[in-house]
Amino acid sequence: MLGQVFERFIEKSPISVMVRAALERVLSADRLDLWYRRTAQKQYTRALLFSTVYELMSQVVFCVQPSVRAAYRAQEADVGTSIISVYNKLNGLETHTSAELVRYSAREFAPLIASMGGERAPWLAGYRIKIVDGN
């Protein structure tokens, strides 16, 4: 269906292909923006979509770009707003939103992790363990 080139990727590195497909499905721009509209309590979307901010931050987190400003400059035409709008959106992100993004990702990826046998044994049977990071 997707051609011989794609078949070679599947043969040589099936896990890479599967992970990329899962990431693109769960963290696609449309799904992230829909999730954000349902989750954000105080913030809203005008011209700058949450998926755009997510993309800029992803480039910094994965060391593709050294800073938000550099990521913005590399994609300025696609962003469609000023760098100040980007920083205002980042500064206004609610703690609730960040926590819910982690929960959303976990819910979406849990079935895939389970089907691959990647679940970890509980650290303490019968208890749900949470790690609190003071940073």
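Five aromatic pairs turn up in a search of the whole structure, which is a predicted model. Two of them are tabulated here.

| Pair | Type | Centre to centre | Angle between planes |
|---|---|---|---|
| Trp35 and Tyr36 | tilted | 6.5 Å | 50° |
| Phe50 and Tyr54 | tilted | 6.5 Å | 40° |

Trp35 and Tyr36 are both buried. Phe50 and Tyr54 lie about one helical turn apart, because they are four residues apart in helix α4. Phe50 counts as buried, with 5% relative accessibility. Tyr54 is partly exposed, at a relative accessible area of 24%. Ring pairs join Trp35, Tyr36, Phe50, Tyr54 and Tyr104 into a cluster.

The nonpolar cores come next. The largest has 11 residues, including Trp35, Tyr36, Phe50 and Tyr104. Leu27, Leu32, Leu101 and Phe109 are also among its members. At least two residues of this core come from each of α2 (14-26), α3 (29-39) and α8 (95-115). Another core, of nine residues, lies apart from it; Leu48, Leu56, Val68 and Tyr72 are among them.

Leu32 ties several of these residues together. Beyond its neighbours within four places in sequence, Leu32 is in contact with Leu27, Phe50, Ser51, Tyr54 and Leu101.

Gln65 sits in the loop between α4 (50-61) and α5 (68-74). Its relative accessibility is 19%, so Gln65 counts as buried, the cut-off being under 20%. Setting aside neighbours within four places in sequence, Gln65 is in contact with Gln59, Val60, Ala70, Ala71 and Ala74.

Methods:
Residues numbered from 1 in each chain as written. Predicted model: local features only at pLDDT ≥ 70, side-chain atom pairs only at ≥ 80, totals over all residues. Heavy atoms only, no water. Buried < 20%, exposed > 50% of the residue type's maximum accessible area, 1.4 Å probe, protein only. Contact = heavy atoms within 4.5 Å. Core = buried A, V, L, I, M, F, W, Y, C linked by side-chain atoms within 4.5 Å. Phe/Tyr/Trp six-rings, centres within 6.5 Å; stacked < 30°, edge-to-face > 60°.
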